[in-house]
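Subject: Structure for you to look over

Hello,

Here is the structure I promised to pass on. Please open it first, then read the notes below.

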Amino acid sequence: MRQVVACGSEEMAPGQKRAVQVGSRSIVLVRLGNGDYCALMNACPHQGAPLSEGELTGTTLPSTVGEYVYGRDDEVLRCPWHRWEFDVTSGNALFNDRRACVKRYDVTVEGGDVVIHY
Ligand code: FES
């Protein structure tokens, strides 16, 4: 497995995302609210939109009828073209279709650098 340094570990604030070009592939790097990093292929499985241009948001959580509880802030990436939503921690679509998942890459923080393994 190959790896690339994407940025310094304090370069991105929680809730931020950016596109990282690694050779011919584009990866979207996301910093979660808890400070962890996640990385996904920067292409929506629907029609290929750059997910790095989408909105980082949350979603409604399981709740009782008539109740709407918002949560998972900054863990959901919404496609900018047709608004499919993806869990940035897994790459899975929120509508629970395994065929619509986005490739996820491991990310580590090593000596002050954010490293994407691809
Ligand atoms: S290209 Fe992403 S939902 Fe259509």
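T59 is found in strand β5, which covers residues 55-61. Please keep in mind that this is a predicted model. Is T59 buried or exposed? T59 counts as buried, because its relative accessibility is 18% and the cut-off for buried is under 20%. Leaving out residues up to four places away in sequence, T59 touches V69, Y70, G71, R72, V76 and L94.

**The whole chain**

Now the wider view. The protein has zero helices and nine strands. Along the sequence the pattern reads β-β-β-β-β-β-β-β-β. The radius of gyration is 14 Å, close to the 13 Å that the globule rule gives for 118 residues, so the protein is as compact as a globular protein of that length. Along the principal axes, the C-alpha atoms fill a box of roughly 45 × 30 × 20 Å.

Some totals follow. Of the 118 residues, 41% are buried. Take the contacts with a separation of 6 or more: residues 24 or more positions apart account for 43% of them. The accessible surface is about 6600 Å², and carbon and sulfur atoms hold 46% of it. There are 12 positive and 15 negative charges, and their mean positions are 8 Å apart.

**The cores**

Which residues have the most contacts inside the largest nonpolar core? They are V28, V30, C44, L51, L77, F86 and V88, in a core of 16 residues. Two elements give two or more residues to this core: β3 (25-31) and β4 (37-41). Apart from it lies another core, of 14 residues, including C7, L29, A39 and V107.

L77 deserves a look of its own. Set aside its neighbours within four places in sequence. L77 is then in contact with K17, V28, L51, G54, E55, L56, W84, E85, F86 and V88.

- L40 lies in strand β4. L40 is buried, with a relative accessible area of 1%. Beyond four places in sequence, L40 touches I27, V28, D87, V88, G91, V102, K103, R104 and Y105. L40 and R18 are 22 residues apart along the chain, and their C-alpha atoms are separated by 11 Å.

- K17 lies in strand β2, residues 17-22. K17 is partly exposed, at 27% relative accessible area. Not counting residues up to four places away in sequence, K17 touches M12, V28, L29, V30, S52, G54, L56 and L77. K17 and L56 are 39 residues apart along the chain, yet 7.8 Å separates their C-alpha atoms.

- V4 sits in strand β1, residues 3-8. V4 is partly exposed, with a relative accessible area of 24%. Outside four places in sequence, V4 touches V22, V114, V115, I116 and Y118. From V4 to V20 is 16 residues in sequence and 9.8 Å in space, C-alpha to C-alpha.

**Where to begin**

Then turn to T59 in β5.

Best wishes

Definitions and conventions
Residues numbered from 1 in each chain as written. Predicted model: local features only at pLDDT ≥ 70, side-chain atom pairs only at ≥ 80, totals over all residues. Heavy atoms only, no water. Helix = DSSP H or I, 4+ residues; strand = E, 2+ residues; numbered from the N terminus. Rg over C-alpha atoms; globule rule 2.2 N^0.38 Å. Buried < 20%, exposed > 50% of the residue type's maximum accessible area, 1.4 Å probe, protein only. Contact = heavy atoms within 4.5 Å. Areas by Shrake-Rupley, 256 points an atom, 1.4 Å probe, with all protein chains shown as cover. Lys, Arg positive; Asp, Glu negative; His and termini not counted. Charge placed at Lys NZ, Arg CZ, Asp CG, Glu CD. Core = buried A, V, L, I, M, F, W, Y, C linked by side-chain atoms within 4.5 Å.
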